[in-house]
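Here is a set of questions and answers for a reader new to this structure. Each answer sets a value against the definition behind it.

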Amino acid sequence: MKRRGLCPKCEGSVIYVPRVAESHDGRPEPMRLVALAHDPSASVGDLEAGVCRECGYVELYVKNPEAIPLDGETAWLLARDTPYR
Ligand SMILES: [Zn+2]
């Protein structure tokens, strides 16, 4: 959706890319994907969305996926030939 600039559901071509936020004590804070295993008070993986203006379809993206550590606790790689369980 973000790369092609087209909605996969309706082929609409007006796509918004807003940051995704949640409210903490009435203040917006960026919504993040994961808490770090070695520091649960810290988190990485700011979310942003692709929103189709035509039909409202939404896809979520991690803004900087390379910042998520593949340490085996915070996140781990899924082996290609092993089905996820
Ligand atoms: Zn659409």
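Q: Why is alanine 21 called partly exposed?
A: Alanine 21 has 13 C-beta neighbours inside 10 Å. A residue is buried if 20 or more other C-beta atoms lie within 10 Å of its own, exposed if 12 or fewer, and partly exposed in between, with C-beta atoms placed from the backbone. Alanine 21 therefore counts as partly exposed.

Q: What kind of model is this, and how are residues numbered?
A: This is a predicted model, in which local features need pLDDT of at least 70 and side-chain atom pairs count only at pLDDT 80 or more, while totals for chains, interfaces and linings use all residues. Residues are numbered from 1 along each chain as its sequence is written.

Q: Where does alanine 21 lie, and which residues is it in contact with, leaving aside its neighbours within four places in sequence?
A: Alanine 21 lies in strand E2 (residues 21–24); strands (E, at least two residues) and helices (H or I, at least four) are DSSP runs, numbered from the N terminus. Beyond its neighbours within four places in sequence, alanine 21 is in contact with Pro28, Glu29, Pro30 and Met31. Two residues are in contact if their C-beta atoms, placed from the backbone, lie within 7 Å.

Q: Why does tyrosine 16 count as exposed?
A: Tyrosine 16 has 11 C-beta neighbours inside 10 Å. The limit for exposed is 12 or fewer, so tyrosine 16 counts as exposed. Tyrosine 16 lies in strand E1, and its contacts, leaving aside neighbours within four places in sequence, are Val51 and Arg53.

Q: What makes E1 and E5 a pair?
A: Two strands pair if DSSP finds at least two bridges between them. Strand E1 (residues 15–16) and strand E5 (residues 39–52) have two bridges, so they pair, in the antiparallel sense. The bridge partner of tyrosine 16 in E5 is valine 51.

Q: How do you know that E5 also pairs with E4 and E6?
A: E4 and E5 are antiparallel over four bridges, and five bridges join E5 to E6, which run antiparallel. In E5, serine 43 is the bridge partner of alanine 35, and glutamate 59 in E6 is the bridge partner of glycine 50. E4 and E5 form a hairpin with two residues between them. The hairpin of E5 and E6 has five residues between the strands, and glycine 56 in the turn has a positive phi of about 85°.

Q: Why is the chain called more spread out than a compact globule?
A: The chain has zero helices and six strands. Its radius of gyration is 16 Å, well over the 12 Å that the globule rule gives for 85 residues, so the chain is more spread out than a compact globule. The radius is taken over C-alpha atoms, and the rule is 2.2 Å times the number of residues to the power 0.38. Along its principal axes the C-alpha trace spans about 45 × 40 × 20 Å, and 4% of the 85 residues count as buried.

Q: How do you know which strand has the highest confidence?
A: Confidence is given by pLDDT, the predictor's confidence in each residue, from 0 to 100. Strand E6 (residues 58–62) is highest at 95, and strand E4 (residues 32–36) is lowest at a mean of 85. The chain averages 88, and 95% of the residues score at least 70.
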